[in-house]
Every structure is written in structure tokens, then in C-alpha cells.
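Have the sequence and the 3D view ready.

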Amino acid sequence: MNLTESQKKSLRGLAHTLKPIVMVAGGGASEGVVNELDQALTHHELLKIRVRVGDREARDELIDQLCSKTRATLVQRIGNVATLFRRNPEKPKIKLPS
């Protein structure tokens with residue numbers, strides 16, 4: 001899903017108070033982590049994940065893998081924390097600006 005800058009700004013504001021729900025460490029994008037992230041995205045739509053692996057390039061690569069496997073969109077990444085969004089097609093909770 002492609003988000004406009006105003007939509008990303010709105011989502012960043014909503015995510016400001018959120019705490020990371022999924023933690024990813026040395027195991028990387030295992031099947032269990034992907035399933036847990038998929039379920040969390042379906043339920044919450046917008047969430048933060050904490051990624052504790054290697055250097056910046058390794059973190060970015062892992063976040064890209066998780067986004068592609070779960071069909072989520074990266075809203076922002078600050079340090080070890082990434083904010084992801086995926087609309088729930090059956091019951092959308094978050095209204096995005098147009």
C-alpha cells in the first residue's frame with residue numbers, strides 16, 4: 001500500500017504513544033515471528049516492532065523482509081523501532097486522510 005506524506009504524518013502521530021508489540025532478535029524473520037506480526041497487524045492495523053539485530057543495514061533488510069512477508073507498509077524507523085501499517089480489509093479501524 002502506498003501512503004502519501006500526509007497519511008504517514010497522521011499515522012506517526014497515532015503511533016507516538018504505542019509501545020512495541022513484537023520483538024525481533026537474532027532469530028530474524030522466522031515463521032513464528034512472521035505469523036505473530038501478521039496476527040498483530042490484522043488486529044491493530046498500526047503497530048511498532050523492536051528489531052535487535054546487527055547494524056543498520058541488517059535491521060533495514062530485516063524490516064523490509066517482514067514488510068514484504070506480511071504485506072505491511074513501513075511508516076517510519078527510528079533506531080531499533082519500526083512503525084508498520086496494514087489496513088484490515090474487513091474491519092478498518094484507522095481512517096486515513098485523503
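This is a predicted model: local features need pLDDT of at least 70, side-chain atom pairs count only at pLDDT 80 or more; totals for chains, interfaces and linings use all residues.

Residues are numbered from 1 along each chain as its sequence is written, and side-chain values use heavy atoms, with hydrogens and water left out.

Strands here are DSSP runs of E with at least two residues, numbered from the N terminus. β4 covers residues 81-85, and five of its five residues are buried (buried means under 20% relative accessible area, with a 1.4 Å probe and protein chains only). In a regular strand the side chains alternate between the two faces of the sheet. In β4, Val81, Thr83 and Phe85 sit on one side, Ala82 and Leu84 on the other, and all are buried.

| Strand paired with β4 | Residues | Bridges | Direction |
|---|---|---|---|
| β2 | 46-51 | five | antiparallel |
| β3 | 73-78 | five | antiparallel |

Lys48 has Thr83 of β4 as its bridge partner, while Leu74 stands opposite Leu84. β3 and β4 make a hairpin with two residues between them, and Gly79 in that turn has a positive phi of about 60 degrees.

Is Arg86 buried or exposed? Arg86 is buried, because its relative accessible area is 9%. Its side chain joins that of Asp38 through a polar contact of 2.5 Å (a pair of N or O atoms within 3.5 Å; within protein, one must be able to donate a hydrogen and the other to accept it, and residues adjacent in sequence count only if both atoms are side-chain atoms).

Notes: Buried means under 20% relative accessible area, exposed over 50%, partly exposed in between (1.4 Å probe, protein chains only). Helices (H or I, at least four residues) and strands (E, at least two) are DSSP runs, numbered from the N terminus. Two strands pair if DSSP finds at least two bridges between them.
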